[in-house]
Amino acid sequence: MKPPPFDYARPESLEEALDLLARHGDEAKLLAGGQSLMAMLNFRLLAPAILVDINRLDRLAGIEEGDGRLSIGALTRHHALETSDLVAERLPVLHAAMGHVAHLAIRNRGTVGGSLAHADPAAELPAMMCLLDATLRVAGPAGTREISVHDFFTGALETALGDDEILLGIDLPSLPPGTAWGFEEFSRRAGDFALAGVAVLVEPTGAVRLALLGVDETPVRARAAEAELARGALSDAAVGQAVEALRAEISPLDDLHAGADYRRHLAGVLTTRALAAARARLA
Amino acid sequence: MSGRHTITVTVNGRAYTREVAPRLLLADFLREELGLTGTHVGCEHGICGACTVLIDGDSARSCLTLAVQCDGAEVGTIEGLGRVADLGRLQQAFREHHALQCGFCTAGMLITVTDLLAKYPLASEADIREGLSGNLCRCTGYENIVRAVQDLVAAREADPA
């Protein structure tokens with residue numbers, strides 16, 4: 001279908017964009033890459049009074065390293081993230097995940113901030129932010145604030161962002177040298193949203209991080225499974241117990257694409273594979 | 001801010017100035033305002049890939065882009081890749097390999113392949129298939145499209161220009 005009528009504004013500055021949001025409240029929608037928003041408009045799932053196109057806010061795009069972290073601007077396109085040498089070198093797990101994000105034409109336009117603000121629980125970037133303990137930088141009428149990713153995703157397609165706020169970017173703390181990783185996802189076709197996906201990090205201290213996508217209303221950090229793995233030093237027995245623990249701590253949805261039981265099963269299989277990949281990289 | 005916007009979009013090297021409603025999709029702008037009907041409209045939600053065009057050199061879904069967003073942009077469509085009497089390199093490869101049957105997906109396929117060839121090594125058949133996975137074809141079973149792209153990859157390596 002065609003989108004419903006709306007007004008359109010293309011601010012040239014962040015202040016102007018914030019002012020438009022302040023004036024229009026929940027009648028306004030931010031337009032970044034538009035790869036989810038435009039589809040929802042075409043389906044008429046949304047009917048905003050005005051679209052605020054932030055694509056001219058060039059300062060919100062870019063990837064920088066400093067102060068023990070990687071900072072990624074909200075307007076950074078998926079393709080820029082996918083092809084960033086800095087990301088490939090510092091956060092190879094994120095680089096690997098980007099290879100699973102949609103198709104080139106979508107990655108050329110879609111943005112990091114858009115993916116996080118849209119908060120599809122089956123998308124890769126929200127889960128990767130949970131894995132990497134991201135901090136989100138947000139601007140609003142009262143100035144800027146920071147939100148831990150672990151407080152950001154509040155439900156399927158719901159976040160802690162206010163109607164009058166704009167996501168500026170994310171900060172990802174550096175990983176300890178020697179951190180091993182694994183990423184596995186399963187989708188019916190390349191580029192589709194995953195039925196389930198898993199990312200793991202194993203730090204040299206033995207600490208394990210495990211994040212999942214597509215298996216709940218939000219991305220999940222499987223804390224009980226992480227504890228089993230750390231306690232059991234990634235032994236086969238510990239992996240088995242971790243899989244049991246994570247299958248208990250997720251609540252997958254039944255939908256057209258897969259049943260909850262299948263997704264729960266898949267989460268365990270993918271976790272076992274991702275951990276095996278991480279163990280191989282440790283050796 | 002409200003009402004119609006005057007935009008200037010360069011399409012295949014030619015500048016067009018038009019007044020458009022904000023909700024006009026780029027796909028409909030190309031087809032209905034400019035008469036460039038080579039860009040096809042399939043699903044209108046970014047899945048099928050039929051409407052893929054180049055925006056400032058990067059492939060994009062013209063059904064997920066507003067015309068008003070393209071003010072000042074350079075858009076490339078199938079009409080810019082060649083003509084019936086003078087087929088472009090990609091079109092020629094598709095013709096030689098019979099990489100189309102009904103032709104509905106072909107414009108989007110060719111634009112996607114243009115961008116894939118510019119950005120990726122496409123070293124294996126699997127990489128080519130993954131690259132094409134965002135463009136649905138219901139006639140060919142993809143085999144002949146993959147062969148056409150393999151030829152184009154080989155030609156690119158022989159002559160990187």
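The model is predicted. Chain B is divided into domain 1, residues 5-80, and domain 2, residues 89-158. A search of the whole structure finds 27 salt bridges over all chains, and a few of them are described below.

**The two domains of chain B**

- Taken over C-alpha atoms, the centres of domain 1 of chain B and domain 2 of chain B are 22 Å apart. Domain 1 of chain B brings 18 residues to the contact, and domain 2 of chain B brings 14 residues.
- About 1200 Å² is buried between domain 1 of chain B and domain 2 of chain B, and 59% of this area is on carbon and sulfur atoms.
- Between domain 1 of chain B and domain 2 of chain B there is 1 salt bridge. The side chains of Lys119(B) and Asp58(B) form a salt bridge, with a distance of 2.6 Å from N to O.
- The count of residue pairs in polar contact between domain 1 of chain B and domain 2 of chain B is 6. On the side of domain 1 of chain B that touches domain 2 of chain B, strand E3 (52-55) and strand E4 (58-61) of chain B each supply at least two residues.
- That side of domain 1 of chain B has 7 nonpolar, 9 polar and 2 charged residues.

**A salt bridge between chains**

- Asp28(B) and Lys2(A) meet through their side chains in a salt bridge of 2.8 Å, N to O. Asp28(B) lies in helix H1 (residues 26-33) of chain B and Lys2(A) in the segment before strand E1 (7-9) of chain A, so this pair joins two chains.
- Asp28(B) counts as buried because its relative accessibility is 5%. Lys2(A) counts as partly exposed, at 32% relative accessibility.

**Salt bridges within chain A**

- Asp133(A) and Arg221(A) form a salt bridge, and their closest N and O atoms are 2.9 Å apart. Asp133(A) is in the loop between helix H8 (124-131) and strand E6 (135-140) of chain A, while Arg221(A) is in strand E14 (residues 220-221) of chain A, so the pair ties together parts that are 88 residues apart in sequence.
- Asp133(A) is partly exposed, with 27% relative accessibility, whereas Arg221(A) is buried, with a relative accessible area of 12%.
- A salt bridge also links Arg264(A) with Asp261(A), where the closest N and O atoms are 3.9 Å apart. Both Arg264(A) and Asp261(A) lie in helix H11 (residues 260-282) of chain A, and they are 3 residues apart, about one turn of the helix.
- Arg264(A) is partly exposed at a relative accessible area of 26%, and Asp261(A) counts as exposed at 62% relative accessibility.
- One network, made of salt bridges that share partners, joins Asp133(A), Glu203(A), Arg209(A), Arg221(A), Arg223(A) and Glu226(A).

**Thr77(B) and its surroundings**

- Thr77(B) is found in the loop between strand E5 (74-76) and helix H2 (89-96) of chain B. Thr77(B) counts as buried, because its relative accessibility is 1%.
- A polar contact of 2.8 Å connects the side chain of Thr77(B) to the side chain of Asn12(B).
- With neighbours within four places in sequence left aside, Thr77(B) is in contact with Val11(B), Asn12(B), Leu30(B), Thr39(B), Val53(B) and Ile111(B).

Notes
Residues are numbered from 1 along each chain as its sequence is written. Chains are lettered from A and ligands numbered from 1 in the order in which they are written. This is a predicted model: local features need pLDDT of at least 70, side-chain atom pairs count only at pLDDT 80 or more; totals for chains, interfaces and linings use all residues. Side-chain values use heavy atoms; hydrogens and water are left out. Domain bounds come from an automatic or database domain assignment. Contact means heavy atoms within 4.5 Å. Buried area is the accessible area (1.4 Å probe) that two parts lose on being put together, summed over both. A salt bridge is a side-chain nitrogen of Lys or Arg within 4 Å of a carboxyl oxygen of Asp or Glu. A polar contact is a pair of N or O atoms within 3.5 Å; within protein, one must be able to donate a hydrogen and the other to accept it, and residues adjacent in sequence count only if both atoms are side-chain atoms. Helices (H or I, at least four residues) and strands (E, at least two) are DSSP runs, numbered from the N terminus. Ala, Val, Leu, Ile, Met, Phe, Trp, Tyr, Cys and Pro count as nonpolar, Asp, Glu, Lys and Arg as charged, and the others, Gly among them, as polar. Buried means under 20% relative accessible area, exposed over 50%, partly exposed in between (1.4 Å probe, protein chains only).
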